[in-house]
Amino acid sequence: MYSEKVIDHFTNPRNVGEIENPDGVGEVGNAQCGDIMRITLDVEDNIIKDIKFKTFGCGAAVATSSMITEMVKGKTLEEALEVSNKAVAEALGGLPPIKMHCSNLAADALHAAIKDYLSKQNKV
Amino acid sequence: MKRIYLDHSATTPVDPEVAELMMKYYVEYYGNPSSVHFFGRQVKKALEEAREQVAQLIGAQPSEIIFTSGGTESDNLAIQGTVRARNNKGKHLITTAIEHHAVLDAFKYLAKNGYDLTILPVDEEGIVSVEDVSKAIRPDTILISVMHANNEVGSIQPIAEIGKIARENGVLFHVDAVQSLGKLPIDVVSMNIDLLSISSHKIYGPKGVGALYVRRGVKISPLVFGGSQERKLRSGTENAPGIIGFGKACELAGLRMEEENKKLYYLRDKLIDGILKKIPQVKLNGPLGDKRLPNNVNVSIKYVEGESLLLSLDMIGVAASSGSACTSGSLDPSHVLLAMGISHEVAHGSLRFSLGRQNTEEDIDFVLQELPKIVDRLRAMSPLYKSDASSV
Ligand code: FES
């Protein structure tokens, strides 16, 4: 039911873990099935220098978390904010319809982490 | 890669002896059992033999066996068929919170359509109380339905005691025995069972076949019309090869049950003990000892999610199942685990292994060696697992 890309990111997830003293933290829960995802960011000159995730969820949740960290690492905050859950799902070669909500989790956690950073910078 | 199948409660492989016999009835003896000619008569005879084999395994008379397309149809025929036939006798129905959806959903449909439904709770081991059943009975109760053994946690229900109470109160008693057939002794007479649903593909028979035992004298209405097969209770040309295969599978199950259970109990307990010992923060779901099906293991592994466990196990060749919300089509966690008072979070990390005929001690050893590694990896990824500080 999962694409090879999903399985690859599930088996070898990129950027797993937690950044110590992060510049931004985003933790979101999934209302649908009760899963949780946490993203920590290091930001320098408006650019995501480092990003790590931890996910309690299904294979799709782990894979989308991993994929989104890979997609936004090195990007500006504006570019990162433009990454949608659909784009993540597409980059993974698609997700089963019932698993689309898991990709929301990844995008939401990323957005929450960026917002957290911005609010700390008093830019919001 | 060696594949290890530990999902026998989902389905089983067809026994080669069964498959060989069935093949003949596809290609050689293909007649319609309702036909008068030689081709038909030949199949009819085998069909009646199968009926005897099925009846024997549950202590019934052959004439009390109605063949169906499987456990789900049997459950529906039992429940809806009883309700249609006893409409004027009352509107109250009793069941438990841990039934298979084939039972629960049939009852919930009736509850929406004018019937009164009592859904009884279970204790933390997943067992319904006889007293609760007894207290729930009203003058207008027409049917009690309780499963023999639960498909998820293997808990065995006090069927004989409930049967006695039902009979004393003149209420019909249906038992979903899909998971217990061939694993636990069943005697419909001494257990006072009026209706019993069973399925072929859980006991090394083919898929798409099952049966409903209907005690002589119990009136139910058919759901399917159009012929006079199966005493008019299940019209349509019989799935003869399937039924004949089911009969053979019942015969083999009866012969092998004792021997096989010895092995299953041993492997089951080895797997349970090993998991509890090797992995911290794990909880066994369901009862121990002989209150549990001989082939069922169900544990909750905290801070990890079931589907991730299943995927990881599948990658090393191990097939299991889970009650996690993420593995269910509805994104709801297992209703059985919730009914046992297990939290949504703990249900999330539930993992079921159901053992079978061809499993060996090496299979269990392999799981016990690999599962802790998988859990470590997933816990390191989990934001809920805090024991070791940021494990990068
Ligand atoms: S995280 Fe629960 S279904 Fe994907």
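Modeller: A network of salt bridges links Asp15(B), Glu17(B), Lys248(B), Glu251(B), Arg256(B), Glu260(B) and Arg357(B). The model is predicted. Over all chains, the structure holds 32 salt bridges.

Colleague: What makes the pair Asp116(A) and Lys120(A) a salt bridge?

Modeller: The N to O distance between the side chains of Asp116(A) and Lys120(A) is 3.1 Å. The cut-off for a Lys or Arg nitrogen and a carboxyl oxygen is 4 Å, so the pair qualifies.

Colleague: Why are Asp116(A) and Lys120(A) separated by about one helical turn?

Modeller: Both belong to helix H5 (residues 100–120) of chain A and are four residues apart there, which means about one turn between them. An α-helix has 3.6 residues a turn, so residues three or four places apart point the same way.

Colleague: Why is Asp116(A) called partly exposed?

Modeller: Its relative accessible area is 21%. Buried would require under 20% and exposed over 50%, so a value in between is called partly exposed. Lys120(A), at 47%, is also partly exposed.

Colleague: How many residues apart are Glu370(B) and Lys373(B) in helix H11 of chain B?

Modeller: Glu370(B) and Lys373(B) are three residues apart in helix H11, about one helical turn. They form a salt bridge, with the closest N and O atoms 3.2 Å apart.

Colleague: Is Glu370(B) buried or exposed, and on what value?

Modeller: Glu370(B) has a relative accessible area of 13% and therefore counts as buried. Lys373(B), with 47%, is partly exposed.

Colleague: What can be said of the side chains of Asp269(B) and Arg268(B)?

Modeller: They meet in a salt bridge at 3.0 Å, N to O. Arg268(B) is buried, because its relative accessible area is 1%. Asp269(B) is partly exposed at 30%.

Colleague: Which salt bridge does the rule find across the interface of chain B and chain A?

Modeller: The rule finds one there. Glu307(B) and Lys99(A) form a salt bridge, their closest N and O atoms lying 2.6 Å apart. Helices H8 (306–315), H10 (344–348) and H11 (361–381) of chain B each supply at least two residues of the side that touches chain A. H8(B) gives the largest share of that side, five residues. The side of chain B that touches chain A divides into 14 nonpolar, nine polar and four charged residues.

Colleague: What area do chain B and chain A bury between them?

Modeller: About 2,100 Å², with 67% of it on carbon and sulfur atoms. In chain B, Leu331(B), Met381(B) and Pro383(B) lose the most area to chain A, together 30% of what that side buries. In terms of contacts, 27 residues of chain B meet 28 residues of chain A. The rule also finds 10 residue pairs in polar contact across this interface, both at pLDDT 80 or more.

Colleague: Why is Cys33(A) called buried?

Modeller: Cys33(A) has 1% relative accessibility and so counts as buried. Cys33(A) lies in the loop between strand S1 (24–29) and strand S2 (36–44) of chain A. Leaving aside residues up to four places away in sequence, Cys33(A) touches His101(A) and, in the other chain, Ala325(B), Cys326(B), Leu331(B), His344(B) and His348(B).

Colleague: How far apart are the C-alpha atoms of Cys33(A) and Cys58(A)?

Modeller: These C-alpha atoms are separated by 9.7 Å, and the two residues are 25 apart along the chain.

Colleague: How do you know that the span of helix H2 (residues 38–58) of chain B agrees with its number of residues?

Modeller: At 1.5 Å a residue, its 21 residues should span 30 Å, and the end C-alpha atoms are 31 Å apart, so the two agree. The buried residues of H2(B) include Gly40(B), Val43(B), Leu47(B), Arg51(B) and Ile58(B). The buried residues of H2(B) pack against helix H1 (16–27), strand S2 (65–68), strand S7 (195–199), S8 and H7 of chain B. After H2(B) comes Gly59(B), with a positive phi near 75°.

Colleague: What makes Arg234(B) and Glu73(B) a pair in polar contact?

Modeller: The side chains of Arg234(B) and Glu73(B) are joined at 2.7 Å. The cut-off for a pair of N or O atoms is 3.5 Å, so the distance qualifies. Arg234(B) sits in the loop between strand S8 (210–214) and helix H7 (240–278) of chain B.

Technical notes. Residues are numbered from 1 along each chain as its sequence is written. Chains are lettered from A and ligands numbered from 1 in the order in which they are written. This is a predicted model: local features need pLDDT of at least 70, side-chain atom pairs count only at pLDDT 80 or more; totals for chains, interfaces and linings use all residues. Side-chain values use heavy atoms; hydrogens and water are left out. Contact means heavy atoms within 4.5 Å. Buried area is the accessible area (1.4 Å probe) that two parts lose on being put together, summed over both. A polar contact is a pair of N or O atoms within 3.5 Å; within protein, one must be able to donate a hydrogen and the other to accept it, and residues adjacent in sequence count only if both atoms are side-chain atoms. Ala, Val, Leu, Ile, Met, Phe, Trp, Tyr, Cys and Pro count as nonpolar, Asp, Glu, Lys and Arg as charged, and the others, Gly among them, as polar. Buried means under 20% relative accessible area, exposed over 50%, partly exposed in between (1.4 Å probe, protein chains only). The expected span of a helix is 1.5 Å times one less than its number of residues.
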